[in-house]
Amino acid sequence: MIATETFKPLVLAQAKARKIEPKLIVVKHPVGGLNAEELRERIDTATKGLIEATGK
Amino acid sequence: MRIFNPTFGMAAAGGPAVSLKPVNWATDAIALISNSKPNARELLEGMRERLGATRKIDNIEFHAKNSASQPAPKDLIEAVAKKYRAALLALGD
Amino acid sequence: MKDIAEQEVIDIGDMDVEAFNELAAEQGWSDGMPLYVPTEEKVAKFVETVRGDNRPYPPVPPRQIVPTLQSMAANAVMAGCKPEYFPVVAAALRSTLDPEFNLHGTLATTHSCAPMVMVSGPIRQELGINCGSNCFGQGWRSNATIGRALGLMLLNIAGAKPGEMDRSTQGNPAKYTFCFGENQEENPWTPYHVQRGFAATDNVVTVMSGEGPHNLNDHGSTTGDGLLTTFAGGMANPGANTIYGKGPMFVIIGPEHAATLKRDGFTIESIRDELYVRSRVHLSRISKGNLDTYESTGHKPEGDWLRIARNPQDIHITVAGGPGKHSAFIPSFGGTAVTCTRIG
């Protein structure tokens, strides 16, 4: 799951309520409202996070 | 003095335990699921494109909730669970 | 004191009210205003008022715990309710647990929505619930504390802690309390709960996750048609959530506006139909980026206009308030439903 650092506490609180451990990739907040150039940084971070998490 | 705890409740019965199969992120089909907030799909599209440098991406497919404010429909969850080994969920907030 | 969150009953020794309020703030139980102490004795009196209602409560999202009558009553005590208000509070919580209400979404959203609680039936008089002048405002213990009790239950039982599970960008004063009664006595049409299939003698609580009331001021119109032009203009708001996430909305008509509409032959159905047709936003008032978002979620314009409601049934109509030329528009969160529950 990809979430912003601001919404990480919500994801963790809801995961705790469901007794699951999410595999979480955290990017800077926000995602909404960014233009294409600004969004590129989030895409890079999320892709790097995915590669690190999956070892691929 | 004794008080009742205003947060107290009984734990809901849990759902059935799910056993996860190992995922091969280099080849397996992956579902990209957007929560339908602006830029969630664009974020996933960008990731898909970058993954194309290291793996084939024609089995990485997009899905989205009908509405950002409502839970994903059961049939979407079932279809994704049936077809894919892994899912990437993006919360575009 | 150990594992306070896991204990149903907590021994707080000889703590006074001030010390209890410090404890409550520390534990995250408070909405910020002073609380009554939920002693075993007080809670027992509240629980006694709902004995006989053995329908179980489902798990309350997002926290997913099943509340006990005692934990629900503890919140009603803390809010300042009288014991006889508790059946209304309990019915209001049950109403939010209808899956169509989408409690999880309404609590975790960045939108400002708060649960609007409307009470119908003879219990309004029995409990002194204000349905007339200033009905959305201050001054009535029942209105103030019933709404507050629901808010505290959503904080403490549902787990909607601001900044954690409750992610509202700005919040809304209605998150403290928002409860009023229908003004059935000055409603020239059918009371809302009867529109929803209940008997006129039933006591019913209606909840909707909504924004605060948006005023619809019309001192100038002398016809029902003129009033509907004003209402539709006030509803056609490109910033309200009902244009973004489609869903229900309330138009709460003041008694004087209602009398004019009735005189001119309007019914609940014809008001809904007219408002559905007239409450639309011209595309010149919507940015391209926002329009792209609406269209991507299936909300497409008709010609140069975007409708506020999906259909006439999205527009819920009733009468509340006192003398004066004002009505109110209350848009909902969007992905939610207006749910009704019989009290007791």
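A crossing of two helices is called left-handed if the near helix is turned anticlockwise from the far one by less than a right angle, and right-handed if clockwise. Helices here are DSSP runs of H or I with at least four residues, strands are runs of E with at least two, and both are numbered from the N terminus. What we have is a predicted model, in which local features need pLDDT of at least 70 and side-chain atom pairs count only at pLDDT 80 or more, while totals for chains, interfaces and linings use all residues. Residues are numbered from 1 along each chain as its sequence is written, and chains are lettered from A and ligands numbered from 1 in the order in which they are written.

Let me begin with two helices of chain C. α3(C), residues 69–79, packs against α4(C), residues 86–96, at an angle of about 120°, and their axes are 10 Å apart; axes are lines fitted to C-alpha atoms, for helices over the stretch in contact, and angles run from 0 to 180 degrees between N-to-C directions. That angle makes α3(C) oblique to α4(C), since under 35 degrees counts as roughly parallel, over 145 as roughly antiparallel, 65 to 115 as roughly perpendicular and the rest as oblique. The crossing of α3(C) past α4(C) is right-handed. On the α3(C) side the contact is made by Met72(C), Ala73(C) and Ala76(C), and on the α4(C) side by Phe86(C), Val89(C), Ala90(C) and Leu93(C), where contact requires C-beta atoms, placed from the backbone, to lie within 7 Å.

Now to the sheet. Four strands of chain C form an open sheet in the order β4-β3-β5-β12, with mixed pairing; two strands pair if DSSP finds at least two bridges between them. β4(C), 179–181, and β12(C), 339–342, stand at the edges with a single partner strand each, so one side of each is left without a neighbour in the sheet. On average, neighbouring strands of this sheet are turned by 25° against each other, direction ignored.

How is β5(C) joined to β3(C)? The two strands run antiparallel and are joined by seven bridges, and Met116(C) stands opposite Met208(C) in β5(C). With β12(C), β5(C), residues 204–210, also pairs in the antiparallel sense, over four bridges; there, Val204(C) has Arg342(C) as its bridge partner, and Thr206(C) stands opposite Cys340(C). Seven of the seven residues of β5(C) are buried, so this strand is largely enclosed by the rest of the structure; buried means 20 or more other C-beta atoms within 10 Å of a residue's own, exposed 12 or fewer, and partly exposed in between, with C-beta atoms placed from the backbone. Both faces are covered, with Val204(C), Thr206(C), Met208(C) and Gly210(C) on one side and Val205(C), Val207(C) and Ser209(C) on the other.

Finally, the chains meet one another. Chain C puts 41 residues in contact with 19 residues of chain B, and α3(C) gives the most to that side of chain C, with six residues. Strand β1(B), residues 2–4, pairs with β1(C) in the antiparallel sense over three bridges, and Arg2(B) stands opposite Asp11(C). Between chains A and B, 19 residues of chain A are in contact with 20 residues of chain B, and α2(A) supplies the largest share of the side of chain A that touches chain B, seven residues.

Key: Two residues are in contact if their C-beta atoms, placed from the backbone, lie within 7 Å.
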